[in-house]
Amino acid sequence: MTIWPRTATWTSGELHLGGLPATELAQRHGTPAYLLDRADFEARCRAWLDALPDGDVHYGGKAFLCPEVVRWLADLGLSLDVCTGGELAVAMAGGMPPERVVFHGNNKSLDELRRAVEWGIGCIVIDSFAELDRLTSLGARQRVMIRVTPGVDAATHKAIATGGEDSKFGFSLSNGDALRAVRAVRDTPGLELYGLHSHIGSQLFDTEGFALAARRMADFAGSVGVTRLDLGGGLGVAYRPGDPEPPTPSDVVAALRKEVGGLDLAVEPGRSIAGPTTVALYRVGTVKGTYVSVDGGMSDNPRPAMYGSPYTAVLASRASDAPLERVDVVGKHCESGDYLVRDIPLPGDLRPGDLLAVPVSGAYQRSMASNYNHVPRPPVIAVFEGADRVIVRRETEEDLLRLYV
Ligand SMILES: Cc1ncc(COP(=O)(O)O)c(C=O)c1O
Ligand SMILES: N[C@@H](CCCC[NH3+])C(=O)O
């Protein structure tokens, strides 16, 4: 299995994406830049739709969202999971039909809830009794789901495991809160209990955790007479050559189906759609000993610093037959922890001006990017059948200065 987007090809050592050479894209759009292979994105969406033809696929917008992506999702027939007022605003700006949007979040404000209800959102996922009170105070007619923590400790980084007993998310199944929430919703005029939701974590590689959560959720749904389960996202992706291969969407859906039988099913894949579609392109600046400094860093990819996430990088602008040397690819930020890729082999003749490509940069990178050190965030360039299109423009220092009084 490859970690590169499906249209990636190499000619004389140069990466081409969507039919366009990396050097040309860098020249036209500057670096750093995220290059998004639209054909790959759409194929990954279709793989989930094909895996669940009789259910709903809500794309997890937190992985990466902008209005253009919302338009692609809407056209393909996916639904959308948002978890803040900001993501809701992007869904609206991209023209997603409101009935296809599901609103998550463990601390939705009254204002966010009001905006969602007024827009006619398909479903609000209630995360706490306080939120149920807030929604009730709006006197709305609204479809809701209840977020349940099924007590499954997902095998992943603890910062992105969400389904264990001790969690800020949802209602615990084991202490009876989930049952109390079901009763409270049913006792609230105007609210329709549409289903139950759980999401156990992200970057998961085996289907056992999904299956265990599905079994517990199906048992609970049966006991309270609910016929619809939304079992969240979480399918992992390989970041480096040789990483274990994740299950396919069909594998995951088969594992879920086995446990939930004929219940209506929805899923919320984020990373497994967006992650592998995008390559981050950087230009090499300073090469000092084993440190290769590029023109981005932890502001455009905080994942290595936050979770110790492993990546790879390759020379993308020319061929080199220089012997490989082990180096660290580091950013330009004022922190020693500002690593993008640790200890990888790159050609020993790497020099300023070379382009480095980091694959699998589509999920939780642009969406988690910051302006640390007043570094403007990179653009997202969609490449498709020989054409490139800016779908998120590069931030400028002017954009940043505009905030100051
Ligand atoms: C409720 C919910 N749904 C979906 C997702 C998307 O998860 P992933 O990107 O791992 O598929 C997340 C993030 O983990 C989430 O919290
Ligand atoms: N931000 C995390 C994933 C969070 C999933 C959202 N609940 C990551 O980069 O891996």
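**Ligand 2**

I looked up ligand 2 first. Lys62, Ile160, Ser202, Gln203, Arg303, Tyr364 and Met368 surround ligand 2. I took a residue as near a molecule or strand if its C-beta atom, placed from the backbone, lies within 6 Å of it. By class I get 3 nonpolar, 2 polar and 2 charged residues in this shell. My classes: Ala, Val, Leu, Ile, Met, Phe, Trp, Tyr, Cys and Pro are nonpolar, Asp, Glu, Lys and Arg are charged, and the others, Gly among them, are polar. Ligand 2 lies between domain 1 (9-37 + 275-401) and domain 2 (104-269), because both give residues to its shell.

Notes on the source: this is a predicted model, where local features need pLDDT of at least 70 and side-chain atom pairs count only at pLDDT 80 or more, while totals for chains, interfaces and linings use all residues. Residues are numbered from 1 along each chain as its sequence is written, and chains are lettered from A and ligands numbered from 1 in the order in which they are written.

**Ligand 1**

I then turned to ligand 1. I find 17 residues around ligand 1, and the closest are Gly60, Ser202, Gly233, Gly270 and Arg271. The shell of ligand 1 splits into 3 nonpolar, 10 polar and 4 charged residues.

**Domains**

I checked how the protein is divided. There is a domain 1 (9-37 + 275-401) and a domain 2 (104-269). The bounds come from an automatic or database domain assignment. I get 35 Å between the centres of domain 1 and domain 2, taken over C-alpha atoms. Domain 1 puts 8 residues into the contact and domain 2 puts in 6 residues. Two residues are in contact if their C-beta atoms, placed from the backbone, lie within 7 Å. On the side of domain 1 that touches domain 2, I have 5 nonpolar, 3 polar and no charged residues.

Next, helix pairs. Helices (H or I, at least four residues) and strands (E, at least two) are DSSP runs, numbered from the N terminus. Axes are lines fitted to C-alpha atoms, for helices over the stretch in contact, and angles run from 0 to 180 degrees between N-to-C directions.

Helix H2 (residues 38-51) packs with helix H3 (residues 67-76) at an angle of about 40 degrees, their axes 11 Å apart. H2 and H3 are therefore oblique to each other. The angle classes: under 35 degrees is roughly parallel, over 145 roughly antiparallel, 65 to 115 roughly perpendicular, and the rest oblique. H2 and H3 cross in a right-handed way. A crossing is left-handed if the near helix is turned anticlockwise from the far one by less than a right angle, and right-handed if clockwise. I list Phe41, Glu42, Cys45 and Arg46 from H2 against Trp72, Leu73 and Leu76 from H3. That contact has 5 nonpolar, no polar and 2 charged residues.

**H4 and H5**

The axes of helix H4 (residues 85-93) and helix H5 (residues 110-119) come within 10 Å and cross at roughly 25 degrees. H4 and H5 are therefore roughly parallel. The crossing of H4 past H5 is left-handed. H4 uses Gly85, Leu88 and Met92, and H5 uses Glu112, Arg115, Ala116 and Trp119. I class the contact of H4 with H5 as 4 nonpolar, 1 polar and 2 charged residues.

**H8 and H9**

Helix H8 (residues 207-224) and helix H9 (residues 249-260) have axes 8 Å apart, at an angle of about 30 degrees. That makes H8 roughly parallel to H9. H8 passes H9 in a right-handed crossing. Among the residues in contact I note Phe210 and Arg215 of H8, and Asp251 and Leu256 of H9. The contact of H8 with H9 has 8 nonpolar, 1 polar and 4 charged residues.

**Backbone**

Last, I looked for backbone exceptions. Most residues other than glycine have a negative phi, and most peptide bonds are trans. The bond from Thr31 to Pro32 is cis, with omega near -10 degrees. Pro32 sits in the loop between helix H1 (22-29) and strand E4 (33-37). Ser12 is not a glycine, yet has a positive phi of about 45 degrees. I place Ser12 in the loop between strand E1 (9-11) and strand E2 (14-17).
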